[in-house]
Amino acid sequence: MSTRSDLAGRGPMLLALVLAVLGYQINATMLSPALPDVIERLETSPAAAGLSQTLFFLMAAIGQVTLARLGDLRGRKPMMLLCAGVLILGNLLCVFAPNIEVFIAGRVLQGVSAAMFTLAFLTLNQLLTPAGFGKAAGIITAVNGGLAGVDAIAGGQIADTIGFRGIFVCSTVIAVVGLLLVRKHVPDTLPATTGGRFDTRGITALALGLTGILVGLAQGAAWGWTSALTLGFLLGGAASLVFFVVSQKSAADPVIDIEVLASRRAWPLLLTTICTLGGAFGAIALTIPLFSQDARVGLGLSAVTAAVLFLTPIQLIGVISAPLTGRFGPKIGWRRIVVAGAVANFALFLVATVFLQHEWILIAALAALGVTYGGFMLTGLNGLAVTSAPKDKPGSLSGLNGACFGIGASLGIALASAMITAGSDAGGPTTAGYQNAMYTALALLGLGVVSAFLIKRPDPAEAGIAEEPQRVLVHH
């Protein structure tokens, strides 16, 4: 039996969690500048490359809902080890992928391992004091943007020299080390709930619903918006989501607590997360990398140069601003940080959208996102989700919010891919296609501003941050 401690003395555990989440994260940040190389080496299209990104983040959403709930029932450390194993398998598929189909299968497995973020936040919140959790959450959130920008540069360099496969070799090495350190240094905590059952029916309906909607949006422009295939995915996905909501009302142990979901401490927060990730990630992970390397209508830069100018500043500044935000979050309130970040993000993206063709203005606007997006929004959204969760279901809101990170990212990429594909001509993407993709991102961020103001301030009596003893088993 042990009570919560401050961050001091938990260094090995925090290092283990940082490496564990980094193994997943660099598959997003390092690969972005290498997408043109994927398209060339696998002889595929921008739409197919966009689909691989969409499914990567979609499975991140499904994995976080599933494994966060299983973590409540089975314990969080076993789920972390499972995440690391699935990530390594997915990496190997991508390393040896002979075609885009095998590559997509590997990306799907990698996406599932995103649950490591939610499991890490829940573990830290359980074992640390509120002040210690705020500091640790900032550090973990900083990893959410990558390795201080080094990974984006490395991804571009690898793409320009040996090709995209080297990126997944790097991720595999980090994931193996992270797995070993998690096994050694992360304590075994008792399940947060006992006697519960895993809602297989609900998870299946949720997975089918999200897959149908997001694949339909991502491929609609390529397949034709009125084609039977597109309509089948969209309508089938919508029907599955309706069934999912209905099933949760009668499930003995639902995946999502409908009462929690319906409250203003939940749905505006989740909508803010979806819109923020949708707008930012659609642009940062797809539109900007493709536009900056497009020699016909874009800036015509190399993968390394594009990474240095447009991706590295966001990550480097985010590594500094996220831990600082984590320190101040418990003092000034996570909601205030989220609202301020949402407004600032919208303003910066407005500048980036209007001045897309002006290289240095675009660089400055994206660099500032390191503070507003990499610091305020990512740290604030994670902190608010963890501290607002009901005490009896600590993984409920955090798991949902983690899923919304994946849903938002996959939605943003799906819409960006659709806009770029729809705006293409015989020679490939056009300026109008890239511009429309940026306007779509801006619209999502605008909705995020509105929903951020609707978030209810957490009730301290219900927030899962009380200084109470935690059940901790000695790890072996």
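Predicted model: local features only at pLDDT ≥ 70, side-chain atom pairs only at ≥ 80, totals over all residues.

Me: Got it. How many helices and strands are there in the protein chain?
Reply: The protein chain has 18 helices and two strands. Of its 476 residues, 62% are buried. Also, if you take contacts between residues at least 6 apart in sequence, 83% of them join residues at least 24 apart.

Me: Let's do helix packing. At what angle do H13 and H16 pack?
Reply: Helix H13 (residues 267–293) and helix H16 (residues 359–388) pack at about 150°, and their axes are 11 Å apart. The crossing of H13 past H16 is left-handed.

Me: Which residues make that contact?
Reply: On H13, they include Leu269, Thr272, Thr276, Phe281 and Ile288. On H16, Leu362, Tyr373, Met377 and Ala385 are among them. The contact residues of H13 with H16 divide into 15 nonpolar, three polar and no charged.

Me: And how do H1 and H4 cross?
Reply: The axes of helix H1 (residues 11–29) and helix H4 (residues 76–95) come within 11 Å and cross at roughly 35°. H1 passes H4 in a left-handed crossing too. Leu17, Gly23, Tyr24 and Asn27 of H1 meet Met80, Leu87 and Asn91 of H4. That contact has four nonpolar residues, three polar and no charged.

Me: What does leucine 270 touch, leaving out residues up to four places away?
Reply: Leucine 270 touches Leu261, Leu397, Leu400, Asn401 and Cys404. Cysteine 404 is 134 residues away along the chain, but the C-alpha atoms of leucine 270 and cysteine 404 are separated by 6.2 Å.

Me: New topic: how long is H9?
Reply: Helix H9 (residues 165–185) has 21 residues and reaches 31 Å from its first C-alpha to its last, close to the 30 Å expected.

Me: Which residues of H9 are buried?
Reply: Among them are Gly166, Phe168, Ser171, Thr172, Ala175, Leu181 and Val182. In general, an α-helix has 3.6 residues a turn, so residues three or four places apart point the same way.

Me: What about arginine 183, buried or exposed?
Reply: Arginine 183 sits in helix H9 and counts as exposed because its relative accessibility is 54%, with the cut-off at over 50%. Arginine 183 and proline 78 are 105 residues apart in sequence, but 8.8 Å apart in space, C-alpha to C-alpha.

Me: How many of H6's residues are buried?
Reply: H6 is mostly covered, with 13 of its 13 residues buried. Helix H6 (residues 115–127) reaches 18 Å from its first C-alpha to its last, close to the 18 Å expected.

Me: Now the loops. Where is glutamate 43?
Reply: Glutamate 43 is in the loop between helix H2 (35–41) and helix H3 (46–74). Its relative accessibility is 73%, so glutamate 43 counts as exposed. Phi of glutamate 43 is near 50°, a positive value in a residue other than glycine.

Me: Last one: where is aspartate 425, and what is it in contact with?
Reply: Aspartate 425 lies in the loop between helix H17 (394–422) and H18. With a relative accessible area of 41%, aspartate 425 is partly exposed. Leaving aside neighbours within four places in sequence, aspartate 425 is in contact with Arg296 and Thr430.

Conventions: Residues numbered from 1 in each chain as written. Heavy atoms only, no water. Axes fitted to C-alpha atoms, helices over the stretch in contact; angles between N-to-C directions. Helix = DSSP H or I, 4+ residues; strand = E, 2+ residues; numbered from the N terminus. Left-handed = near helix turned anticlockwise from the far one by under 90°. Contact = heavy atoms within 4.5 Å. Nonpolar A, V, L, I, M, F, W, Y, C, P; charged D, E, K, R; others polar. Expected span 1.5 Å × (residues − 1). Buried < 20%, exposed > 50% of the residue type's maximum accessible area, 1.4 Å probe, protein only.
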